[in-house]
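This report covers selected features of the structure shown below.

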Amino acid sequence: MLDLRQFDSLGAALGAALDRWPDEICLIEADRDRENARFTYRQFKEAALPLARAFEDAGLGAGSRAAILMTNQSKWLISAYAVFFRGGVLVPLDYKLTAAEQCALLAHSKAEFLVVEYHVWRALMQAEDSKTLAPRVTLVTEAPPGADLRGAQRWEEFRGAGEPTFVPRGRKDPACIVYSSGTGGRPKGCVLTHENYLEQCMAVAPVFPFWPGARYLSIIPTNHAIDFMGGFLMPFTGGGAVVHLRALRPEFIRDAFTRYKITYMAVVPLILKNLQQGLKEKFAALPRSKRRLLGALMTANRALTRRQPHLRLSRALLGDIHKAFGGGLRALLVGGAFTEPATIEFFHDLGIPIYNGYGCTEACTAITLNDLKPFRPDTVGKPVRGMEIQILAPDAEGVGEVAARSKTVMSHYLDDPEMTAETIVDGWLMTGDLGRVDAAGHLQLLGRKKNMIVTEEGKNIYPEDIETAFEGLPVKEFCIFAANYLWPARGMVGEKLVLVLHPEPGKIIPADIAARLGERNRRLPNYKRASGYLVWERDFPLTASLKIKRGELAGQIRQSLDREAVVPL
Amino acid sequence: MNTIETTTEEILQLAATHFKITRDKLHPDDDFFKTLGINSLQALGLLTRIEQHFHIELPDYELQGVSDFRTLAERIQSRL
């Protein structure tokens, strides 16, 4: 791995990597059983520099903001490096958001440059708000021949002649603006500096090292902090390679493990559970004698790897399982949301280490990481190198809000000093999560202080962001809460959203309300839907500016009703 | 030549087989996440079966924002 202390910016560090390992593979883009592209570090540089030159000619320089709106593919990383080379600030956006949400974030970020995949661009152009967007340059990748790009340019043709000029940046300069949430209301654009990223790489590298030949299968969208680290910065600064899949289906992911001898993959809990389910079904179909043998081998492996992983031993004991994962898998990293200990335990018993971690975009990914020495499925591990954590206002059981401090904590929220001041207090990042630290220094997460949920897909959902989907309901007023915010629970699995409906005076809630709410729910992605509603007969407490006092309302509901009052949708 | 009706029907049959459910439990306007009790990853698993059946390649993004069989059928029909 490069000694990242020597570098001041991502552009400088990545540039050094391209020169250090010119003949090693850094990037593979596969699509089903085909391979679209394969780059050595030298080829990657040769692809990126003419793009950087064209950016330079178009005026992209120090601090210019460039948004990327693409699925995981080679052009994502090539474009990102070209932006960093020119000293630009990258704004990675989620291609899975609706076009209206993407427009809102593009407008908020004030990105002057936009790199976007053709199908995403087409959807974006259909959104009403897209008319108000005015990036100076829009580059569309993979546009079909003859497509009318309405002033946008083809990424493939956007190349400049001659050497581009490298623009140096300082460690405290912004590198990226990453939106952690706030698509429907108040965008939370985390401004992350070059130092944040360089320090995060150094903090995670001891547990998660890369070397030439190590390969990371990138399936979490690259705009997500986890994949930006695991599927770009970490492998590149270690001489490893990233493998992209254009069709993210379970069967192609399975195939990629063996075809590309994958070393690491980061997943969200939903994917891990799907993998677990698939394996369990396969095991259940085995003849009884083989099932018993497998059970015995898993028990033996569990006992032998309790204190630390022994990959060679596990591969010898459970060879067939490891072969199905390509034979070179060192670990799966799980993050983005809380993972059930039973799922982690299942893979551990198979000798596939699961590095369970905890973090957030505001901390530039990881706050804690489980190094599996010893195996602890009940915690999210110890703070990563350089990270301090403290539990604020702990109760009798030592549970309180988790606060974190490190050089990886973001600079601020873009254009929102008020929210920044609430979130970073005296240098400490207030996570809004509740936890305790045990005698061994491991962090256990036990709930949330804030009104939000995190889904198994790793999506942070804030109730305020989805309320617009329910506007126009035949009620006087309504509000959405995380169920665990209304009724605090010691757990972070299966979190739900609940609609609170206050009927018009003298009226009752219409009999067909469930159907109406169901219809509204369907306009939302499946992970953003309300799972139930309750009827509240009193006026909502309001601020002077007529905003709902959510904390006060939650308190009133908590005192009068319990979870039984929720009607499932 | 498939009509939208036959395409929809074939997709319902494929979904029933893939998710091991009887065909008569599925309707074109069903929210398949709810009816089948599946998540987005499991829904993607159906796409490969659909591709093989119709001899087309269906990018993952075609399923984005789609939660009912009728809309899915329309997306596929446009590629036949």
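A:D426 sits in the loop that joins β20 (424-425) and β21 (428-437) of chain A; helices (H or I, at least four residues) and strands (E, at least two) are DSSP runs, numbered from the N terminus. This is a predicted model, in which local features need pLDDT of at least 70, side-chain atom pairs count only at pLDDT 80 or more, and totals for chains, interfaces and linings use all residues. Residues are numbered from 1 along each chain as its sequence is written, and chains are lettered from A and ligands numbered from 1 in the order in which they are written.

Although A:D426 is not a glycine, its phi is positive, at about 50°. A:D426 is exposed, having 6 other C-beta atoms within 10 Å. A residue is called buried if 20 or more other C-beta atoms lie within 10 Å of its own, exposed if 12 or fewer, and partly exposed in between, with C-beta atoms placed from the backbone. A:D415, also not a glycine, has a positive phi of about 55° and belongs to the loop between β19 (412-413) and α14 (417-423) of chain A. With 13 C-beta neighbours inside 10 Å, A:D415 counts as partly exposed. A cis peptide bond, with omega near 5°, links A:K373 to A:P374; A:P374 is in the loop between β15 (365-369) and β16 (382-383) of chain A.

## Helices α4 and α5

Helix α4 (residues 99-109) of chain A packs against helix α5 (residues 118-126) of chain A at an angle of about 85°, and their axes are 8 Å apart. Axes are lines fitted to C-alpha atoms, for helices over the stretch in contact, and angles run from 0 to 180 degrees between N-to-C directions. α4(A) and α5(A) are therefore roughly perpendicular to each other (65 to 115 degrees). A:A99, A:Q102 and A:C103 of α4(A) meet A:A123, A:L124 and A:Q126 of α5(A), where contact means C-beta atoms, placed from the backbone, within 7 Å.

The buried residues of α4(A) include A:E101, A:L105, A:L106 and A:H108. Among the elements covering the buried residues of α4(A) are β3 (65-69), β5 (113-117) and α5 of chain A. Just after α4(A), A:K110 has a positive phi of about 55°.

## Helix α17

In helix α17 (residues 513-522) of chain A, the buried residues are A:I513, A:L517, A:R520 and A:N521. They span an arc of only 105° around the axis, which puts them on the same side of α17(A); the arc is that of the directions from the helix axis to the C-beta atoms. These buried residues pack against β26 (497-502) and β27 (532-535) of chain A. A:A515 and A:E519 are exposed on the face of α17(A) turned away from its buried side.

## Domains and chain contact

Chain A is divided into domain 1 (4-265), domain 2 (268-448) and domain 3 (462-568), with bounds from an automatic or database domain assignment. The C-alpha centres of domain 2 and domain 3 of chain A lie 32 Å apart. Their contact takes 6 residues from domain 2 of chain A and 7 residues from domain 3 of chain A.

Between chains, 14 residues of chain A are in contact with 15 residues of chain B. On the side of chain A that touches chain B, the elements giving two or more residues are α8 (250-259) and α9 (269-284) of chain A; α9(A) gives the most, with 3 residues.

Technical notes
Two residues are in contact if their C-beta atoms, placed from the backbone, lie within 7 Å. Angles under 35 degrees count as roughly parallel, over 145 as roughly antiparallel, 65 to 115 as roughly perpendicular and the rest as oblique.
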